[in-house]
Each structure stands twice: as C-alpha cells, then as structure tokens.
Amino acid sequence: MPRFTPLLLLLLLATRAFAVGDWTLLKYEGRDYVPLSNVGAFYYLGPLQQSGNNLILRTANRSLRGQIGSSEFYINNLKFILSYPVADVSGQPSISRMDLTKLLEPVLRPSRISHSAPVEAILLDPGHGGHDSGALSLFGSEKNYALDVALRARELLRAAGFRVFMTRSSDRFVPLEERAAMASRLPNALFISIHFNASGNDATGVETFTLAPRGVPSMANDGPALSDFAPCAGNVRDAENIALACAAHATLVCNSAMFDRGIKRARFVVLRESATPGVLIEGGFLSNPNDARRIATAAYRQQMAISILQAVQNYRNAVGPRQGLPVASNSAPARNSTGPTVITPSTATQ
Ligand SMILES: [Zn+2]
C-alpha cells in the first residue's frame, strides 16, 4: 500500500472530483463542494463570469453573486450569509454542498420543496415583554416596539384572511420555551418572531435569522460548537425555513430601504424547538441614532407590519400547494424544470 504524507493526502483529497447525477462534487477542507459553473448550468443561469475574486451568474431576471473567500452571497441582490465561504477548489470557484442543498435549492425553486405544509395560520411572536424590556433607545423599548409591530401585522393578516395567533398580545413575560411550545401546537402555521437589535453606535440595518441546519455553526456564536450537531425539532423544516426567511427579508429590505445585513443562521430556542417553519426578524438597531429614530415612528412600524403580510403572501404563493415532489433533500438537487416562482425580488436595494 502506498504511503502518503499528510500534505500529499490533502492534495489528493482536494483535487478528487466525482459526479453525482448532474453534479460534480469536489472535496475541500473535509466538505463536499460544487463548482459554481455547475450551479449555473443546472439552474440555467449561464456561464460563470469571474473578475478577480468576484463571481457572478446572471440571466435577465436572476443573479447569483459571490466572492472567493467570502460568506456573503447575493441572490437577486438580496444578501445571504453562507454557512461556509465560497472557495477556490483546484481553480474552480465552488460553493459548499450544504449551502447548495440548504439554501440555493429551496430559495431558487421553492415550489419544489417536498411535503411543505399549507399556510393556514400565523403565530406572531413579539420578543421580550414584562420585566424583560429587551434593547432600549432614547425613545422607547424593544418589547413595546415589537408588540406594536405584531399588533399591526395581526390586523393586516386577519384582513387578508389568515388565522392569527400571538405568543403575547400585552406587556407580559413569556418564557422562550413556552413560545416554541405554542408554535408546536399549531398545525400548518408559520412562526414569525419580531425583535430589534442593539450593539455599538455604528451597527445599522435589518437582518433575518432562521434555524441553522444540523452540523452548521450558528452565526450567533463564535465558530463551531459541539451543540451544532445536536438534533433540533426545527430541522425537519430546513427548506421551508430558508424560503420563509428569504420572503421575510426581501420585503423587509425592499420596503424599509434599510442596510441589508443578510439572512443568517442561528439556533435560538424559538427557532429550534418547534417543527413550525419560522424566522426571527431584527428590524433595526435601537443603539443606532438613525435606526432608533425611524423605529420610533408609527410609519416605520406599520411598514414592518406590511412587510410581514407581504412576506407571508409571497411565501405561500412561492411554495404553492403541496406537490410531494422529491427534491430539496440532503442529497444533491435533481434536475427538472426550474420553478417559475422566485421569492427574491428582481431588484432589492442594498
Ligand atoms: Zn430581542
């Protein structure tokens, strides 16, 4: 048996490529990667255009944009934070198979998410409450703003014919586990948690969290942790989670014209403990004077409520009626016609 030095073994692994159906899989840092040129061909996005580290796949109404070494990835100008950075694997700019199956596929072809539940009810979750004020600005508190947005969204959603429930509809404290348990008891529902951020003065903009797939680091932590591999109830909804996050973030960014901080992954209790498709939206920074002033206006909060309504409608239209098509699984996506519906806007602001 030949003896390999670790470096030689690494090189052999790095350059080993094999095909699975329509996909070429490359090994990089112990993970499967797929060339972006392969992604372009599969989704009919044309040839990969590269200028230095900048990469783009583009058709008349769709674009995918990334950078070698970066986790920031734009689909139709909406920012996603990948679980692993785009990598140059043996001269081929590539995306991790995890990001292909858990992000690109359900976002690009939401109508093909298998076994997606119909959308009948919405559970709105205003963050914090009671003794837990959340973040504070000179003008007000996160718990009150979140509740106000939720009450406004409830009115709009009800008028549009949805059954709407709330984890709290007054200023009271509700434990996180109880919020998740309420989601678990509601069949065919979507869970939307509403928060506002706080950090240094400079941080600004809106971001949307959804559950991290199993094995992927949470972006709310510093790097990988053992808990990344613990099973979470919410992971059965991985495809719907990212599709819903895309719908929610797209309307939030487009309507508010706030800075786009991207769609991120985390394992917050409210996202991981129930098998209801869910997102947590952060509607701006109370620690930032400009954001705080906007959040303090009823007009901004009404706009957030409208964004939630539009996101629910866009998600429902995009996912469509249950079709039971065997796609969007852990295995590589299967070829078939691309779905006509995309949840991302054609021109999102940045
Ligand atoms: Zn909060």
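Let me start with Ser-137, which is placed in the loop between strand 11 (121–126) and helix 4 (142–159). The model is predicted, so local features need pLDDT of at least 70 and side-chain atom pairs count only at pLDDT 80 or more, while totals for chains, interfaces and linings use all residues. Residues are numbered from 1 along each chain as its sequence is written, and side-chain values use heavy atoms, with hydrogens and water left out.

Back to the serine. Ser-137 has a relative accessible area of 16% and is therefore buried (under 20%; exposed is over 50%, partly exposed in between, with a 1.4 Å probe and protein chains only). Its contacts, meaning heavy atoms within 4.5 Å, are Tyr-145, Leu-286 and Ala-292, leaving aside residues up to four places away in sequence. The side chain of Ser-137 also reaches the backbone nitrogen of Phe-139, at 3.0 Å.

Next, the metal. Which residues coordinate the zinc ion? They are His-128 through NE2, Glu-142 through OE and His-195 through ND1, at 2.1 to 2.2 Å. Donors are N, O and S atoms within 2.8 Å of the metal, or 3.2 Å for Na, K and Ca; water is not among the atoms, so sites may look incomplete. Along the chain the zinc donors follow the spacing H-x13-E-x52-H. His-128 lies in the loop between strand 11 and helix 4, and His-195 in strand 13 (residues 189–197), so this pair ties together parts that are 67 residues apart in sequence. Both His-128 and His-195 are buried.

Now the rings. There are six aromatic pairs in the structure; rings of Phe, Tyr and Trp (its six-membered ring) pair if their centres lie within 6.5 Å, and planes under 30 degrees apart are stacked, over 60 edge-to-face, the rest tilted. Trp-23 and Tyr-43 have ring centres 6.4 Å apart and planes at 55°, so that pair is tilted. Phe-42 and Tyr-43 are edge-to-face, at 4.8 Å centre to centre and 80° between the planes. Ring pairs join Trp-23, Phe-42 and Tyr-43 into a cluster. Phe-42 is buried at 1% relative accessible area, and Tyr-43 is buried at 2%.

Last, charges over rings: NZ of Lys or CZ of Arg within 6 Å of the ring centre and within 35 degrees of the ring normal. Arg-31 has its charged end over the ring of Tyr-84, 3.8 Å from the centre. Arg-65 lies over the face of Tyr-74, at 4.4 Å from the ring centre.

Terms used. Helices (H or I, at least four residues) and strands (E, at least two) are DSSP runs, numbered from the N terminus. A polar contact is a pair of N or O atoms within 3.5 Å; within protein, one must be able to donate a hydrogen and the other to accept it, and residues adjacent in sequence count only if both atoms are side-chain atoms.
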